[in-house]
Amino acid sequence: MSPPIALIDCNNYYVSCERAFDASLVGVPVIVLSNNDGCAIARSAEAKALGIKMGDPIHHLRDKVRAHGIRVLSSNYTLYGDMQRRVIAACEAFARDFEIYSIDETFLDLAGFEDRDLVAHAHAMRDQVRQWTTIPTCVGIAETKTLAKLANAAAKKNPSMNGVADLRDDALRDDVMHGFPVGDVWGVGGATARKLIDLGIMTAGTLRDMPMKQARAVGTVVLERLVAELRGVPSAAVEMVAPQRKGMAVTRSFGTPVTTFDGMMGALSQYALRAGEKLRHHGLVAAQLTAFFHTNRHKPDRPQYAGSRMVTLHPMTNDSLELIAAARRAAERAWRDGYAYTKAGIMLDDLVAADMRPRTLFEGDADKRARLMGALDDINGRFGKWTAVTASQGFKRQWKLRSEMRSPSWTTNISEVPTARAR
Amino acid sequence: MPFELVPHEVPFFLCDTPAGFPSPAQDDMQEPIDLGAWLVEHPAASYIMRVDGQSMAGAGINDGDLIVVNRAKKPQSGAIVVALVFGDRTLKRLRYVDGRHWLVPEADGFTEILVDENVEIWGVVVGVARKMA
């Protein structure tokens with residue numbers, strides 16, 4: 001039996017972060033808009049109940065917003081990034097190791113905790129996260145990441161589970177899997193889902209029971225691995241490509257600890273390259289990059305440090321060189337000498353389709369514009385035609401970056417901290 | 001006579017870390033004082049806020065001061081807390097009087113608030129920071 005894995009996922013994460021510092025947002029419908037205030041990327045339960053869907057463009061929602069008094073906010077990634085650090089810190093004591101999957105989802109290695117009542121353990125962890133950060137979460141426990149993801153979805157969907165689902169229980173696992181649409185299984189793409197449905201494979205349960213050979217024929221080795229994961233056999237190679245707008249992370253442990261900044265940058269550069277590749281492969285650009293690294297948590301007698309910084313990519317980019325430069329800026333700020341780092345990673349957030357990229361370049365005064373045009377020419381020279389084409393498309397569109405309804409940087413800017421009234 | 005039975009004393013020293021001459025290696029490790037780290041002992045659960053008003057002047061917390069609010073610490077009677085009163089963040093001292101919790105100001109002219117279902121204790125104030133001039 002493989003050691004249990006948990007996935008902790010923050011509920012309506014961006015909305016929950018906003019509510020932490022603005023109580024007037026509690027109990028009312030709230031939506032958070034994507035970069036450039038384009039479409040809804042986070043919705044409170046009340047907004048979901050009003051039928052607002054992920055990705056709905058805001059200009060289609062105007063009537064609903066007015067009719068129901070929906071509170072509309074620009075995204076505040078600085079806040080979401082800082083709150084994520086706190087959420088992970090609150091989880092640390094509850095797991096042997098963790099792997100950040102996206103800004104609001106983290107996998108936890110529960111090896112060594114098997115003897116405990118893991119449902120109670122997960123509840124204690126949720127309570128600690130809620131206490132430290134106010135953020136509500138759900139936890140799914142299972143033997144593989146794919147199953148943990150499924151467990152989490154089940155915990156979210158069924159209020160009777162009180163936010164924790166442990167799918168190591170055979171009866172519960174069967175029950176959940178047979179009610180779980182195959183297209184919603186983590187890693188099953190639209191095309192594969194259609195093929196499976198044509199074969200009469202409608203649920204996670206029937207997908208699990210499909211012969212391995214057939215799985216391979218339908219969806220190559222990727223689907224074969226996925227079927228194995230659904231059977232409780234972990235596959236290290238499960239493709240961790242996050243869905244659009246959800247962000248993605250590239251994380252690795254080091255064979256030998258890294259103690260120098262140059263060594264760290266060597267690793268982070270590789271991850272940034274890989275992250276850029278992933279973005280380009282999926283036709284996405286990112287608006288936020290986080291670089292993080294930490295020491296070996298299993299050796300508490302050694303000096304411990306965890307560093308993490310988020311930088312805004314402005315303009316949004318999928319250019320690996322830009323990502324490396326951003327990773328360097330972040331790493332420089334987070335770096336502390338004198339520690340042996342054993343794990344590092346790059347996380348990208350606020351992803352949008354490259355052709356929808358807000359054109360921030362052409363905003364502002366003429367001088368700024370001239371400088372930016374110079375920079376653009378430079379980029380064209382260095383990177384060739386493709387960049388020039390998208391840039392000119394943007395020029396016609398006259399995009400400008402909007403974030404008119406952004407909340408303050410409550411936790412990261414001393415001039416924007418919340419006020420406590422003493423009146 | 002067997003050796004074990006020979007009376008003998010084993011000297012017993014309680015060793016302290018030598019306080020005299022610090023090793024050069026330790027000296028290399030000295031960092032400048034980080035007042036922020038001293039003030040914020042539990043950064044993952046602490047939030048900085050700015051005080052607006054004089055109702056806690058009696059506790060040494062003035063208008064414009066920065067306070068460190070810790071959510072990991074249990075609010076106990078006597079602690080200065082940030083509480084949400086009908087959703088408004090309010091700075092007061094928590095007091096337990098006659099079986100009820102109260103939010104008590106520490107300056108003249110301000111009223112006490114009974115802790116009921118409209119009040120939520122948000123965090124405990126563990127530090128205050130102020131620049132002079």
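Predicted model: local features only at pLDDT ≥ 70, side-chain atom pairs only at ≥ 80, totals over all residues.
Phi of N162(A) is near 55°, a positive value in a residue other than glycine.

Residues are numbered from 1 along each chain as its sequence is written, chains are lettered from A and ligands numbered from 1 in the order in which they are written, and side-chain values use heavy atoms, with hydrogens and water left out.

Now to the helices. Helix α6 (residues 145–157) of chain A packs with helix α7 (residues 170–178) of chain A at an angle of about 80°, their axes being 11 Å apart; here axes are lines fitted to C-alpha atoms, for helices over the stretch in contact, and angles run from 0 to 180 degrees between N-to-C directions. That angle makes α6(A) roughly perpendicular to α7(A), since angles under 35 degrees count as roughly parallel, over 145 as roughly antiparallel, 65 to 115 as roughly perpendicular and the rest as oblique. The contact (heavy atoms within 4.5 Å) is made by L147(A), L150(A) and A154(A) of α6(A) together with R173(A), V176(A) and M177(A) of α7(A). By class, these residues divide into five nonpolar, no polar and one charged, where Ala, Val, Leu, Ile, Met, Phe, Trp, Tyr, Cys and Pro count as nonpolar, Asp, Glu, Lys and Arg as charged, and the others, Gly among them, as polar.

The other pair is helix α1 (residues 13–21) of chain A and helix α4 (residues 77–91) of chain A, whose axes come within 10 Å and cross at roughly 90°, which makes α1(A) roughly perpendicular to α4(A). Among the residues making this contact are Y13(A) and F21(A) of α1(A), and Y77(A) and M83(A) of α4(A), and the contact has nine nonpolar, one polar and one charged residues.

Within helix α4 of chain A, R86(A) and D82(A) are four residues apart, so they are separated by about one helical turn. R86(A) forms a salt bridge with D82(A), the closest N and O atoms being 2.9 Å apart; a salt bridge is a side-chain nitrogen of Lys or Arg within 4 Å of a carboxyl oxygen of Asp or Glu.

What, finally, lies between chain A and chain B? There, 21 residues of chain A are in contact with 27 residues of chain B, and the two chains bury about 2100 Å² between them, 53% of it on carbon and sulfur atoms, buried area being the accessible area (1.4 Å probe) that two parts lose on being put together, summed over both. W132(A), A422(A) and R423(A) supply 29% of the area that chain A buries against chain B, more than any other three residues. Across this interface the rule finds one salt bridge, and the side chains of R423(A) and D52(B) meet in a salt bridge at 2.8 Å, N to O.

Technical notes
Helix = DSSP H or I, 4+ residues; strand = E, 2+ residues; numbered from the N terminus.
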